[in-house]
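This note is written for a colleague meeting the structure for the first time. Please read the numbered points with the model open alongside.

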Amino acid sequence: MAATRLELNLMRLLSRCEALAAERRDPEEWRLEKYVAALEDMLRELKKQSSKPAPELLNEYTRKVDFLKGLLEAEKLSSSTEKALANQFLAPGRTPTTVKERTPATKTVHLQTKARCTGKMRSELLGTDPLAISDSEEPNIRKRKGLAPDEKQSAVELDAVLQHHQDMQEKLAEEMLSLARSLKNNTLAAQNVIKQDNQTLSHSLRMADQNFEKLKDESDRLEQHAKKSVNWLLWIMLIVVCFIFISMILFIRIFPKLK
């Protein structure tokens, strides 16, 4: 299916936003935030169209827009440690936005942002100017020779901070896995309980139906028995009345009235 005009505009604006995110921006830079807001509006409109792209492509667009939005929110944090931690949880895109890209631009932006945050953290611990450290020099800070004892101690403290954040992430992941397993076990247990309750309810319904049928049969038998009893009593009363009537007539005939 050919891309619509809205989708083409979305791809162009997304590529422009990725390029802006890869650059070093001033704190007062406002274009990227406005562009990302426009991307969100265009993405909502694209999802409402009848000729919208495949669900996989829509999910990829959403993933990239959410990444850029999270990147802007992370940049607004005050602490370098908070920025580094927030960048750890960002999920870049999986496929390139344009044909010219070999690797997804959001993944490159993610790596650059992580390197900048790490460089700022190291600069704060070492007491140096972060602008004096280039992106190519940041991974080689600990490899430089002739570090002073204070700088070595700061590097050790930095490694400890980074290790602490990594341990926190691993612990959080383990807790999430544990919660997922617990939720799964609770769901299975609840499912078994509901299944047993359904079986018990079905058995109770069958027993109730059987008891209702038996009660109906007994009611019919009792009704027939009651009808038979009434018939016999009626005949007996009729016989008694006839006998009394005949006896009275015979008595009158045998014993006439005295004059």
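1. Taking the contacts in the protein between residues at least 6 apart in sequence, 63% join residues at least 24 apart. The coordinates under discussion are those of a predicted model.

2. Overall make-up. The secondary structure consists of 6 helices and 0 strands, and the order along the sequence reads α-α-α-α-α-α. Of the 259 residues in the protein, 22% are buried.

3. The pairing of α1 and α2. In general, two packed helices are described by the angle between their axes and the distance between the axes. Here, helix α1 covers residues 5–22 and helix α2 covers residues 31–48; their axes come within 10 Å and cross at roughly 155 degrees. An angle over 145 degrees counts as roughly antiparallel, and α1 and α2 are therefore roughly antiparallel to each other. The crossing of α1 past α2 is left-handed.

4. Residues at the α1–α2 contact. On the α1 side, the contact is made by Leu6, Glu7, Asn9, Leu10, Leu13, Leu14, Arg16, Cys17, Leu20 and Ala21. From α2 come Arg31, Leu32, Tyr35, Val36, Ala38, Leu39, Met42, Leu43, Glu45 and Leu46. Sorted by class, the contact of α1 with α2 has 15 nonpolar, 1 polar and 4 charged residues.

5. How many salt bridges does a search of the whole structure find? The search finds 4. One of them is formed by Glu40 with Lys69, whose closest N and O atoms are 3.4 Å apart. This pair links distant parts of the chain, since Glu40 belongs to helix α2 and Lys69 to helix α3 (residues 55–75), 29 residues apart. Lys69 counts as partly exposed because its relative accessibility is 36%.

6. Side chains of opposite charge can pair when their charged atoms come close. Asp41 and Arg44 form a salt bridge through their side chains, at 2.3 Å from N to O. Both residues lie in helix α2, 3 residues apart, or about one turn of the helix. Asp41 is partly exposed, at a relative accessible area of 41%, and Arg44 is also partly exposed, at 46% relative accessibility.

7. The side chains of Arg221 and Glu218 meet in a salt bridge at 3.5 Å, N to O. Because Arg221 and Glu218 are 3 residues apart in helix α6 (residues 149–254), about one helical turn separates them. Are these two residues buried, partly exposed or exposed? Arg221 is exposed, with a relative accessible area of 55%, whereas Glu218 counts as partly exposed at 45% relative accessibility.

8. Thr106 in α5. Thr106 is part of helix α5, which spans residues 105–126. With 1% relative accessibility, Thr106 counts as buried; the cut-off for that class is under 20%. Which residues does Thr106 touch, not counting those up to four places away in sequence? They are Glu18, Lys64, Phe67, Pro92 and Gly93.

9. Met121 in α5. Helix α5 also holds Met121, which counts as buried because its relative accessibility is 4%. Met121 and Ser79 are 42 residues apart in sequence, and their C-alpha atoms are 9.0 Å apart in space.

Notes
Residues are numbered from 1 along each chain as its sequence is written. This is a predicted model: local features need pLDDT of at least 70, side-chain atom pairs count only at pLDDT 80 or more; totals for chains, interfaces and linings use all residues. Side-chain values use heavy atoms; hydrogens and water are left out. Axes are lines fitted to C-alpha atoms, for helices over the stretch in contact, and angles run from 0 to 180 degrees between N-to-C directions. Helices (H or I, at least four residues) and strands (E, at least two) are DSSP runs, numbered from the N terminus. Angles under 35 degrees count as roughly parallel, over 145 as roughly antiparallel, 65 to 115 as roughly perpendicular and the rest as oblique. A crossing is left-handed if the near helix is turned anticlockwise from the far one by less than a right angle, and right-handed if clockwise. Contact means heavy atoms within 4.5 Å. Ala, Val, Leu, Ile, Met, Phe, Trp, Tyr, Cys and Pro count as nonpolar, Asp, Glu, Lys and Arg as charged, and the others, Gly among them, as polar. Buried means under 20% relative accessible area, exposed over 50%, partly exposed in between (1.4 Å probe, protein chains only).
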